[in-house]
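Colleague: I would like to go through the labels one by one. Please set each value against its cut-off.

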Amino acid sequence: MNPTTDPAAVLTTLIRCPSVTPAEGGALAALETFLAPLGFHVDRPVFSEPGTPDIENLYARISGNGPHLMFAGHTDVVPVGDEASWRHPPFGAEVSNGFIYGRGAVDMKGGIACFVAAVARYIERNGLPKGSVSLLITGDEEGPAVNGTAKLLDWAAKMGETWDAAVVGEPTNPGALGDMIKIGRRGSVSGTIVVTGKQGHAAYPHLADNPVRGIVTLVEALMHPAFDAGTADFQPTNLEVTSIDVGNAATNVIPAKATASFNVRFNDTWTAETIQAEIHNRLDRASTRAILRPDREEPIRFEIEWRDRPSQVFLTCDETLIGVLSKSVEAVTGRMPELSTSGGTSDARFIKDYCPVVEFGLVGQTMHMVDECVSIEDLEMLTRIYERFLADWFETA
């Protein structure tokens, strides 16, 4: 049997490449060895930006007359953590009781292996597709996501590439294969509030201004009231305070400043710009209503620092893409998948600016964990889903 048609064989090779962000680790080179014999033209551009590591990426395309389908993903993986805690070597791709163990098994070398095997089977049985298939694979999804998918898309577009639809192979299923297709994502904005006080001795508070009073007031203003009640397609907007700090190791010193970091996941009631404006308004109102000390009239002095590159909310409404993939999932698994916008962000947030995009991959229960693993049965089922989707999407599109 052609090993490229076997997702377990492809995945075994990929797992054995230690491609911990930002290292390529041999994973993209291995992927090229699978794709080139199928007729794919493969490019491996490297992108750079000051202050970030150089990242190697891969763009592979096999061309035909007709619509263009993109499959997107990443070969980089998160660190293994305490390697001594693993029962199976994290880059060994050992098989035990029907499971393949290793970092990236589900997030997301497994999804890539299934798509490669699906394309190989499709070509073996049908010849070239009635259109073009491309793989857009980054080595920077688990890192800062600066020199990866966003730049790879821009590079490909400047080379004249256009796409009609895309599937991202992230592990979308919470419990069993066929549970869920992601058809959109909430937006994400992060920031840090800095409240300035005046350092002093805790026994002489009248000579100081304690910024902790201010940070508590401002954080409360961000937490309440709720931003909205949710929409037809999205959960309610949610803000989480992720850190409060004064950088103070002494218990008898009033600190000079206090900081609070937060992240907000917002629905389609908002844009990144309007949710930032709402947060500013809440902080401004709270700062003028409260003071650092009861015996003083000065309002709370604060600054807000926004993290670069906020993610915009998006919702995919392409009926052909969603419908064909849903029917492919149901045909193989017997489950009609839920169409969801839950969870965090992914590289789909970049792809949505170029074509309709959905996400569907393996079960994500062990991603980023010790002894990350995937069942060989799930690999086979996902490969069959992808192959059926390829055939039906090209017929329909």
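Colleague: At what angle do helix α2 and helix α3 pack, and how far apart are their axes?

Modeller: Helix α2 (residues 27–35) packs against helix α3 (residues 109–126) at about 15 degrees, and the axes lie 11 Å apart. The axes are lines fitted to C-alpha atoms, for helices over the stretch in contact, and angles run from 0 to 180 degrees between N-to-C directions.

Colleague: What is the basis for all this?

Modeller: This is a predicted model, in which local features need pLDDT of at least 70 and side-chain atom pairs count only at pLDDT 80 or more, while totals for chains, interfaces and linings use all residues. Residues are numbered from 1 along each chain as its sequence is written, and side-chain values use heavy atoms, with hydrogens and water left out.

Colleague: Is the crossing of α2 and α3 left-handed or right-handed?

Modeller: The crossing of α2 and α3 is right-handed. The label applies if the near helix is turned clockwise from the far one by less than a right angle; anticlockwise is left-handed.

Colleague: Which residues of α2 and α3 meet?

Modeller: From α2 come A27, L31, F34 and L35; from α3 come K109, I112 and V116. By class, this contact has six nonpolar residues, one charged and no polar. Contact means heavy atoms within 4.5 Å. Ala, Val, Leu, Ile, Met, Phe, Trp, Tyr, Cys and Pro count as nonpolar, Asp, Glu, Lys and Arg as charged, and the others, Gly among them, as polar.

Colleague: How many helices and strands are in the chain?

Modeller: The chain has nine helices and 21 strands. Both are DSSP runs numbered from the N terminus (helices H or I, at least four residues; strands E, at least two).

Colleague: How many aromatic pairs does a search of the whole structure find?

Modeller: The search finds nine aromatic pairs. One is Y59 with W163, at 6.4 Å centre to centre and 80 degrees between the planes, which is edge-to-face. Y59 lies in strand β4 (residues 58–62) and W163 in the loop between α4 (149–158) and β9 (165–168), so the pair ties together parts 104 residues apart in sequence. Rings of Phe, Tyr and Trp (its six-membered ring) pair if their centres lie within 6.5 Å; planes under 30 degrees apart are stacked, over 60 edge-to-face, the rest tilted.

Colleague: What makes Y59 count as buried?

Modeller: Its relative accessibility is 4%, so Y59 counts as buried. The limits of relative accessible area are under 20% for buried, over 50% for exposed, and partly exposed in between (1.4 Å probe, protein chains only). W163, at 7%, is buried too.

Colleague: Why is the pair of F227 and W270 called edge-to-face?

Modeller: The planes of F227 and W270 stand at 85 degrees, with ring centres 6.2 Å apart, so the pair is edge-to-face. F227 sits in the loop between α5 (211–223) and β14 (238–245), and W270 in the loop between β16 (257–266) and α6 (272–289), so the pair ties together parts 43 residues apart. F227 is buried at 11%, and W270 is buried at 15%.

Colleague: Which residues form one aromatic cluster?

Modeller: Y59, W155, W163 and Y354 form one cluster.

Colleague: Is A145 buried or exposed?

Modeller: A145 has 10% relative accessibility, so A145 counts as buried. A145 is not a glycine, yet its phi is positive, about 60 degrees. Its place is the loop between β8 (132–138) and α4.

Colleague: How do you know the class of H368?

Modeller: At 42% relative accessibility, H368 counts as partly exposed. Phi of H368 is positive, near 70 degrees. H368 lies in the loop between β20 (357–359) and β21 (373–375).

Colleague: With which residues is E142 in contact, leaving aside neighbours within four places in sequence?

Modeller: E142 contacts T21, H74, D76, V77, V78, D107 and H368. E142 is in the loop between β8 and α4, and its 21% makes it partly exposed.
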